[in-house]
Amino acid sequence: MQDFQEFFTNAFSGFGITDAVDIILVTFVVYYLLKLILETRAAQIIKGILVLVGVTLLSEVLELHTLNWMCKGALTLGAVALLIVLQPELRRALEFMGRGRIVSGLGQGDKENSKRIVTAVTNAVAKFSSTRTGALIVFERQTMLEDYAETGVILNARITEQLLGNIFYEGAPLHDGALIISDVNAYAAGCVLPLSANQSISSDLGTRHRAGLGITENSDALVLIVSEETGIISMAEDGRLERYLDVKTVEKKLLELYLSNSQTDRLSKVPLAGNIFSRIRKKEDRNA
């Protein structure tokens, strides 16, 4: 018992506040890394790497030099493969840190205009659901979606229920693509989005849902999806898909997006101006 007490006394004799802060920070980093890995397709690669580590240690103990050399080379390739597989998640994490904030709103317009937009989108989505009209609506946040907007038709139009109905009307030229809403305008329609590479997606979901999920894996966008086959309303955000939403839930989420209490305090004019100037520069480059 005395030896046991001496062990703990020696172990914690030099333990200070900075050590506690250090341990807490490392714990958070490890926790979020594990969470990132477990929620992605990298989990299978991690299992394979752990098996390789075990075989490498065993071959070293048994002095199987050739097998040990091969396993070490495979471990190096495994680490590179892990970085490649996690590229969308790492990009999203870096963009999150670059934004320097947890909550981001959209437009800087007045409350009445924001409520009008939310009402227009909500009513349109409700009609799409009842008539089983497929729709894919992307709300741009801080990550610019200009590259994806250029794959469609630039509208930069006022958002109305009638406009959304015309865009996604079956047989309309732009109904199969995505509508990108930037700030308080319908910026581009008929856009092509990247498909999600997530292997755990249900086989019942088609290209529209995979595209909606894919853009959230590469940006901080919020996406509304209406199924053409079932009329089910879904929402994608941060690489996650939430299905079977009702109109009230959609309205609440959009109101939080446009009218959150933190919007006025946190949303500065600099990112919005940067987006505008970047788009102007791109248009000048295309015209040059």
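Buried here means under 20% relative accessible area, exposed means over 50%, and partly exposed covers what lies in between, with a 1.4 Å probe and protein chains only. By that scale Cys71 is buried, at 6% relative accessibility, and Cys191 is buried as well, with a relative accessible area of 4%. This is a predicted model, in which local features need pLDDT of at least 70 and side-chain atom pairs count only at pLDDT 80 or more, while totals for chains, interfaces and linings use all residues. Residues are numbered from 1 along each chain as its sequence is written, and side-chain values use heavy atoms, with hydrogens and water left out.

- Strand E5 (residues 222-226) is mostly covered, since five of its five residues are buried; strands (E, at least two residues) and helices (H or I, at least four) are DSSP runs numbered from the N terminus.
- In a regular strand the side chains alternate between the two faces of the sheet. From E5, Leu222, Leu224 and Val226 point one way, whereas Val223 and Ile225 point the other way, and all are buried.
- E5 runs antiparallel to E1, to which five bridges join it, and two strands count as paired if DSSP finds at least two bridges between them; Val138 has Val223 of E5 as its bridge partner.
- Five bridges also join E5 to E6, again in an antiparallel arrangement, and Leu224 has Met235 of E6 as its bridge partner.
- The hairpin of E5 and E6 has six residues between the strands, and within this hairpin Gly231 takes a positive phi near 80 degrees.

**Salt bridges**

- The count comes to four salt bridges, each being a side-chain nitrogen of Lys or Arg within 4 Å of a carboxyl oxygen of Asp or Glu.
- One of them joins Arg141 and Glu237 at 2.9 Å, N to O, and links the loop between E1 and helix H7 (146-149) with strand E6, 96 residues apart.
- Arg141 is buried, with a relative accessible area of 12%, whereas Glu237 is partly exposed, with 21%.
- Glu237 also meets Lys253 at 3.3 Å, N to O; because Glu237 lies in strand E6 and Lys253 in helix H10 (residues 247-259), this pair ties together parts that are 16 residues apart in sequence.
- Through shared partners, salt bridges join Arg141, Glu237 and Lys253 into one network.

**Aromatic pair**

- The structure holds one aromatic pair, where rings of Phe, Tyr and Trp (its six-membered ring) pair if their centres lie within 6.5 Å, and planes under 30 degrees apart count as stacked, over 60 as edge-to-face and the rest as tilted.
- Phe128 and Phe168 form this edge-to-face pair, with 5.7 Å centre to centre and 75 degrees between the planes.
- Phe128 lies in helix H6 and Phe168 in the loop between helix H8 (161-167) and strand E3 (178-182), so the pair ties together parts that are 40 residues apart in sequence; both residues are buried.

- Arg132, a residue other than glycine, has a positive phi near 55 degrees, and its place is in the loop between helix H6 (111-131) and strand E1 (135-140).
- Asp238, also a residue other than glycine, has a positive phi near 55 degrees; Asp238 lies in the loop between strand E6 (233-237) and strand E7 (240-245) and is partly exposed at 35% relative accessibility.
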